[in-house]
Each structure stands twice: as structure tokens, then as C-alpha cells.
Amino acid sequence: MSLLSIGRSGLLAAQVGLSTTGNNITNANTAGYNRQVAIQGDTGTQYQGFGYVGTGTEIAAVRRYYDNFLATSLRNAESNQASLNTYSQQIGQIDNLLADPSAGLSPALQSFFAGVQDATASPASSAARQSLLSNAESLAARFQGMSARLTEMSAGVNSTITSSVNEINAYANKIAEVNNTIAGLTSSTAAPNDLLDKRDQMLTELSKLVKINVTEGDNNMLNVQFGSGQPLVVGNQPFQLTTSTSATDVSRVTIGYQSPNGNFSELPDTVFTGGQLGGILQFRGDALDKAQNALGQIAAGLATAFNAQHVLGQDQNGDLGTNFFNPIQAYVGYSTRNSPSSTVTVSAVVTDASALTSSDYSVDYDGASATFNVTRKSDGKVTQINPFPQTEPQVIDGVAYTIDPGANGPQDKDNFLVRPTYTAANSLTVAIKDNAKIALAAPVTTAAPTSNAGNGKISAGTVDQNYLTPGNALTAPATLTFNKTDNTLSGFPAGKEVTVTVNGTATVYPADTPVPYTDGASISVGGVNFTISGTPADQDKFTVGPNTSGVGDSRNGAMLAALQTKNVLNDGNATFQTTYAQMVNVVGTKAREAQIGGTAADAAVKQATNAQQAVSGVNLDEEAANLLRYQQAYQASGKVMQVASQLFDTLLSLGR
């Protein structure tokens, strides 16, 4: 009987080995499956007087070959791969949009300024003027089209964020459920291998959505966190993420926790790293927002600089120029968390192209000090609105802020998001519809009568922003007379002080007083600028007056055309074209970096997979050998039982 029992135990052990090996073979291609092996041991011995005799064998456990370090390394590698692939796919769209030689911004900018130059060359030509307006409309349409495409990408990002969060929540729920089941089925000697594999596979899929950190909990359960320790699963309890529109921008989706009382607790984008969600959020903050802002900076800078020069010109009707493009209003988002009793309003208008940045700004009210603070988000620089209430708009980084307290005034912690350039490209429109209103001429004219005895010359006059100050515009010619005795000029427009600049040094002379003459000096009076050079004779005269016949004049047009190559943006260090080229270069570099990073991530995943599979993967050759081994063991154990049966029959025959 002992021999029969021993054979039976061997038969059962071989059967378990065959089942385990067969299970490995059939699940060789099952995602997340970890190789299993039957751990066999003896059942002890019995003393027979002459010594101890074995009693057979048993299966101590079915062991799952699993290495937590290798599994974690593979999850992290796949999380990084998913993040880089998502980022690369998205930024590639921006790169293709901006760098397109026909659909990009560069051709439209070149065509627009070519139209300015053609109109300047033929200021009296209605066809040339109309062509300029057409090119301006095309440029505005190009800005709007590119901005609309970036906005579409932003909507796609919102959709991806929402779907990713829903998938993360689904996996969190499933992992919590499996945790609970595993805890109930785990004993001191055995664990449900199939459920452990299922949970590990869910963790792998979850890590492709967001980078996670997994720690061991009680009863063989796992805890899952992301970011800097934000919980996703604790034991059998899932923590649900949710999405909501930004408090200051309804077009932007944010992520946070939903509390039981319904309050939304927003999480910063920086806590979501790795995976598809981390990649899409990095793309939005690192590429999409910056591209939209940079494109808007060019649009706002062009509109502001062109308008600033255009209003200094004179149109075909003899009137001062008006805005060529409509002014750029910055986006102002009122936080939904502001006090309902607050009546403050904030407006922001782009006024200075050179000082304009591509950053967003946060405007916050401090109730304790009763002050508004404007924080530049790119570097955290804070500028205080002073004084408040305002007496006039305050210009910060090229944007004029107007804050109206309203009836009740602001409340503590009122917050506003100001994006000076984010919507600028989309809102760029041409203000002028009548080509006669294009101000190509200068509003002033200068002359030196041929009756002058000396060789003094006066330059063609120009005007600056001071000319627009009420009372400064010339209504009648002013005659400047040179007095040789005291070497002075007199006859400047009444009531206006005169500024003379020699070798960069400016000297201001009181109104209605003679001004010393210096050959080639720059003279400015009431916003009118000119130079007188040479050697005038006594009583030589020079006239400065309003331009009454400027149809063929294109002096202001030349200055408008010069804006194409003038360093207007970035504190006067970049042209429109170079700024756009830099923008394209930055996006292209990031796209290339993402491609290189993606290739490296693919290699890292392959290496981590090979290392993990070397321990946990199913080797079909090895399993085939095990199959033969267990088959032979099964047959041998059956032979032992056969021998035991024959011996038993022999014993029975002895009793007959």
C-alpha cells in the first residue's frame, strides 16, 4: 500500500507539472502572463526499524516567476515611451503647420510688405493702394487660419485629456477590485497567480496613460500613486480624477479631484508626468501654448507698430492717418472663484510692440494691502498697479491695463488671467476699407526758398507721436529765419519749446526764443522733426508747415515699408520675420528632440522587455522539454502503481 501511495503521489505531482507546463505553452502570447512552475517536494519519511523510508512527493506551490524591479523598470520605460510618442505626434503637426513654405506665415508677410512697397512707389495709384489692402486682408486671414488650426489642436488636447482621465479612473476601479479579490484569496502559502498577472497587466496599461509609483500594501494589495504622491488606488479604495474647465479660461480643460461635497480641487499639470496624459499636457504647456502666444506676439506687434506709424501719416483726403489694423485687445479671463459681490473689471490693450512678451499674466487683488499685482508667469516678475484706483491706464510689458473698481470694488483674492498675445492672431483684422485712407504721405512739408542767398538746406520733415498731442498739429506754415549776427534761428511755431540734438546730446530751448544754429543738428518742435545743414546767409528763410498737396507723397509709406526690416519685437532686437523664423526653429528643434527621444525610448523598452521576459517570459523550447520530463515522470509513476498492484495480487493469491 505504501508503494501504491508513493506512485499515486508521483502521478499527481507529474499531472500538476504537466498542467502547469501546458498552461505556460498556451499562454505564451498572453499579454502580462508570467511563467509558472510547479515546485515539488517530498512528503517526509517513516521509520521502519531499519531506517527511514520515503513516503512520496507533493506539489508545495505553483510559483510565478516575477521580478518586481524588472517589472517596474519596464512600466517606467513604457510610460516614457508613450509620453514621448504622444508629444512627438502632436508637435509634429505644429512643425508642419509653421514650416510649410506655402501655408506658413513668411509668404504672407513678404506679400504684405511687397504691397506696402508697391503703394509707396506709386502713392497716387488706386490699384496699388487696393492691392495693399488685399494683401493686408490675406495676411490677417493667414494669421487667423493658423490660429484656428492651433485652436483645433487645443480642442483635441482637451478631448485627449478627458478620455485619458476616464481610462485612468476605469483602471483605478479595476485595480481596486482585483486588490480586494486577491486579498480574499491569498493564503500564507499560495496566491492567485492569474489575478496577480491580471493586476500587473492593468498596472502596465495604466502606466501608458500616466507614470505611476506602486507600493505594497496589506494582504498582498498594491497602492498606486502618481506625481508627487497623489493617490490613485489605496488598497481596495480607488480615488477618482475628474476634469473641469479652467477657472479663468473656459476653453482649457484642467484635472483634479472631485470631493464628496462636489468641490473641484485642481491639480497642477506638472504632477502628471509620463504616459499619454503626461505627454499631451507637456505638449500643451511646452509647445502649443507657446506657439499660439508667439504667433500672437507677431500679430500684435505688427498691428501695433504698423498702426503707430500709420497714424503719423496723411491720407489722400488730407487727414491724419487712422489705425490700419484694429487694436489688439488682450484676453482677460475672470476667475469663477472670484467673489460674487466683486464688480471690478479688467481690460488690457496692446500698445507697445517692442516691450510686448509672449508670456501670460496673473492679475491678483490683495485685500489686506488694497493693491492689484500683475505677475508675469514666465519668470514670476511682479508689478504693482499704482495708484489704485487708477487715474490713467498703466502700461506693463507693452500692455495698457485699465482696472475699473465698479460699484462695489474688488474683493480679496480676486484673480484674472491676462493673455496679451494668445488670441491676437485670431483677432487681427484690417480696420481700413477705403484705399484713400491709407496714409502714405507725411502730414508736414518743409522748403527752402530759392531766393535764399546761402547754401542752407532743410530735410524733409517727419513727425512723431508728440505731433498727435492736441494743439501740436500744424495748421499754417511756420517760417524760420536765420540771423547771422547771433547765429540763431527764430520763427518756430508759437508756444512750443524746441529740442536741438547734436551728437546725441539734446538741448531744450524755451518757446518763442531764438535757437542757436548748428550745422546738421536735429531739430524737434511739437512733434515735427527735421534738420538744417549747410551755411545759410543772413535772413535766409526755411518753412515748415502742413502738407496741403500730399497725393504724390510717400514719405510715411517708406517708413511703413521699413518696418519689414526694422527690429521691432523683443525690446527692439528682432524683426517680424526673424521672430517667426526663431519660432519655427524652436518648434522644429523640439520636434526633432522628441523624435530622437522616442527612438531612445523604443530601445529602452526593448531592453527592459528582454530583461523582464528573460525571467518571466515563456520559453517554448524549455517548456517542450519540461513537457517530456513530466510525461516520463507520469508514466514512471504509473509503472510504480502497476508494480504495486501486481504485488498486491501476488499477496492475495498466497491466501487461496
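Predicted model: local features only at pLDDT ≥ 70, side-chain atom pairs only at ≥ 80, totals over all residues.
Student: Which domains does the protein chain have?
Tutor: The domain assignment gives domain 1 (1–65 + 620–655), domain 2 (70–285 + 574–609) and domain 3 (444–546).

Student: How do you know that domain 1 and domain 2 are in contact?
Tutor: Contact needs heavy atoms within 4.5 Å. Nine residues of domain 1 are in contact with six residues of domain 2. The centres of these two domains, taken over C-alpha atoms, are separated by 55 Å.

Student: What is the area buried between domain 1 and domain 2?
Tutor: About 560 Å². Carbon and sulfur atoms give 34% of that area. The size of an interface is often given in this way, as the accessible area lost when the parts come together.

Student: Why is the pair Asp197 and Arg64 called a salt bridge?
Tutor: The rule asks for a side-chain nitrogen of Lys or Arg within 4 Å of a carboxyl oxygen of Asp or Glu. Here the closest N and O atoms are 2.7 Å apart. That is within the cut-off, so the pair of Asp197 and Arg64 is a salt bridge. Side chains of opposite charge can pair when their charged atoms come close.

Student: How many salt bridges does the rule find across the interface of domain 1 and domain 2?
Tutor: Two. Between these domains there are also five residue pairs in polar contact, both residues at pLDDT 80 or more.

Student: What gives the most to the side of domain 1 that touches domain 2?
Tutor: Strand S4, residues 57–64, with four residues. By type, that side of domain 1 divides into four nonpolar, three polar and two charged residues.

Student: How many salt bridges does the structure hold?
Tutor: It holds 16. One of the pairs that meet the rule is Glu137 with Lys433, whose closest N and O atoms are 3.0 Å apart.

Student: What makes Glu137 and Lys433 a tie between parts apart in sequence?
Tutor: Look at where they lie. Glu137 is in helix H4 (residues 126–185), and Lys433 is in the loop between helix H7 (424–427) and strand S20 (444–447). The parts are 296 residues apart in sequence, so the pair ties them together.

Student: Which feature does UniProt place at residues 615–654?
Tutor: An unreviewed entry there names "domain: Flagellar basal-body/hook protein C-terminal". The span is 92% helix and 0% strand, and its end C-alpha atoms lie 56 Å apart.

Student: And which at residues 336–420?
Tutor: UniProt's unreviewed entry gives "domain: Flagellar hook-associated protein 1 D2-like".

Notes
Residues numbered from 1 in each chain as written. Heavy atoms only, no water. Domains from an automatic or database assignment. Buried area = accessible area lost by both parts, 1.4 Å probe. Polar contact = N/O pair within 3.5 Å; in protein donor to acceptor, adjacent residues only side chain to side chain. Helix = DSSP H or I, 4+ residues; strand = E, 2+ residues; numbered from the N terminus. Nonpolar A, V, L, I, M, F, W, Y, C, P; charged D, E, K, R; others polar. UniProt positions renumbered as here; feature names shortened; annotations may be inferred.
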